Amino acid sequence: GDADARRKGLAKEALLLAFRYGIECHKVSFLIARIDDSNTASINLFANKLNWSIESHSDAFKQTTFKVEVTPEFLNSLVSQTSDYSICNDYDASISK
């Protein structure tokens, strides 16, 4: 990626919006992320900034799996962090053009 775009919270914001899309538009009840162990920035993001739980680790595939259950508190947190966006309405409007 472009070095000028790093460490600005763009990946986190994009993930939060993707999470909201899955929850609000497709009614998912949990989210899972599998991350290669070599991707320490993403592991740090999910473990320390998003506070997801480690579900499992695969030594064979060298991956860590994170999981979060969708609770009202989790959704409220997502919405408060991305309040400038209306997820399903924006998506529906863009595909109907």
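Which residue follows α1, and is its phi positive or negative? I looked this up to start: K27 comes after α1, and its phi is positive, near 55°. A reminder to myself that this is a predicted model.

**Helix α1**

Next I checked the length of α1, which covers residues 10–26. With 17 residues at 1.5 Å each, the helix should span 24 Å, and I find its end C-alpha atoms 23 Å apart, so the two agree. I then listed which of its residues are buried: L16, L17, F19, R20, G22 and I23.

**T82**

I moved on to T82, which sits in the loop joining α3 (72–81) to α4 (87–95). Is T82 buried or exposed? Its relative accessible area is 1%, and the cut-off for buried is under 20%, so T82 counts as buried. Setting aside neighbours within four places in sequence, I found T82 in contact with L16, L17 and R20.

**The strands**

Then I turned to β3, residues 63–69, and its partners. β1 (residues 30–36) pairs with β3 in the antiparallel sense, over 7 bridges. On that side I noted I35 opposite T64 of β3. β2 (residues 53–58) also runs antiparallel to β3, joined by 5 bridges. Here S58 stands opposite Q63 in β3.

How many residues lie between β2 and β3 in their hairpin? I get 4, and K62 in that turn has a positive phi of about 55°.

Methods
Residues are numbered from 1 along each chain as its sequence is written. This is a predicted model: local features need pLDDT of at least 70, side-chain atom pairs count only at pLDDT 80 or more; totals for chains, interfaces and linings use all residues. Side-chain values use heavy atoms; hydrogens and water are left out. Helices (H or I, at least four residues) and strands (E, at least two) are DSSP runs, numbered from the N terminus. Buried means under 20% relative accessible area, exposed over 50%, partly exposed in between (1.4 Å probe, protein chains only). Contact means heavy atoms within 4.5 Å. Two strands pair if DSSP finds at least two bridges between them. The expected span of a helix is 1.5 Å times one less than its number of residues.
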